[in-house]
Amino acid sequence: MPIETEDRMVRVERTCERIAERLGVIEHRLTAIEPRFASGIVSLGYELKSMLDSLRAECRAGDGRLQKQGTVHFYWLIAGVIGTVTVLLLLELVP
């Protein structure tokens, strides 16, 4: 009976050694992946910042165009109001 227990202990020890070896391999792989992962995140951050900057520039350009269009429409509105008032005043003056 003690021999059977020793055999089992030997098997358990071998299994633990294999597990430790596999964990070592996994740790080595993770250690190799970590720098690439970190550089990928940094690269992604720069790319997102660049995209946000270009989006802001496009919004500013669009805002400028809208402001110009609004100014033009405002001038046309003022011209229409002044023209209407002028026509009404002229109609009142002419008998």
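**Close-up 1. A nonpolar surface patch of the predicted model.** F74, Y75, L77, I78, V81, I82, V85 and L89 form a nonpolar patch on the surface, and together they have about 790 Å² of accessible area. Patch members have over 30% relative accessible area and no salt bridge; nonpolar side chains (Val, Leu, Ile, Met, Phe, Trp, Tyr) are joined within 5 Å, like charges within 9 Å. A salt bridge is a side-chain nitrogen of Lys or Arg within 4 Å of a carboxyl oxygen of Asp or Glu. This is a predicted model, in which local features need pLDDT of at least 70 and side-chain atom pairs count only at pLDDT 80 or more, while totals for chains, interfaces and linings use all residues. Residues are numbered from 1 along each chain as its sequence is written, and side-chain values use heavy atoms, with hydrogens and water left out.

**Close-up 2. V85 in the nonpolar patch.** V85, one of the patch residues, is found in helix α1. V85 is partly exposed at 42% relative accessibility (buried is under 20%, exposed over 50%, partly exposed in between, with a 1.4 Å probe and protein chains only).

**Close-up 3. The aromatic pair.** The count comes to 1 aromatic pair. The ring centres of F74 and Y75 are 6.2 Å apart and the planes lie at 50 degrees, so the pair is tilted (centres within 6.5 Å; under 30 degrees is stacked, over 60 edge-to-face, the rest tilted). F74 is partly exposed at 47%, and Y75 is exposed at 56%.

**Close-up 4. A patch of positive charge.** R11, R14, R18 and R22 gather in this patch on the surface. R18 belongs to helix α1 (residues 2-93) and is partly exposed, with a relative accessible area of 46%. Helices are DSSP runs (H or I) of at least four residues, numbered from the N terminus.

Note on methods: Accessible areas come from the Shrake-Rupley method with a 1.4 Å probe; for residues, only the protein chains shown count as cover. Lys and Arg count as positive and Asp and Glu as negative; His and the chain ends are not counted. The place of a charge is taken as NZ of Lys, CZ of Arg, CG of Asp or CD of Glu. Helices (H or I, at least four residues) and strands (E, at least two) are DSSP runs, numbered from the N terminus. Rings of Phe, Tyr and Trp (its six-membered ring) pair if their centres lie within 6.5 Å; planes under 30 degrees apart count as stacked, over 60 as edge-to-face and the rest as tilted.
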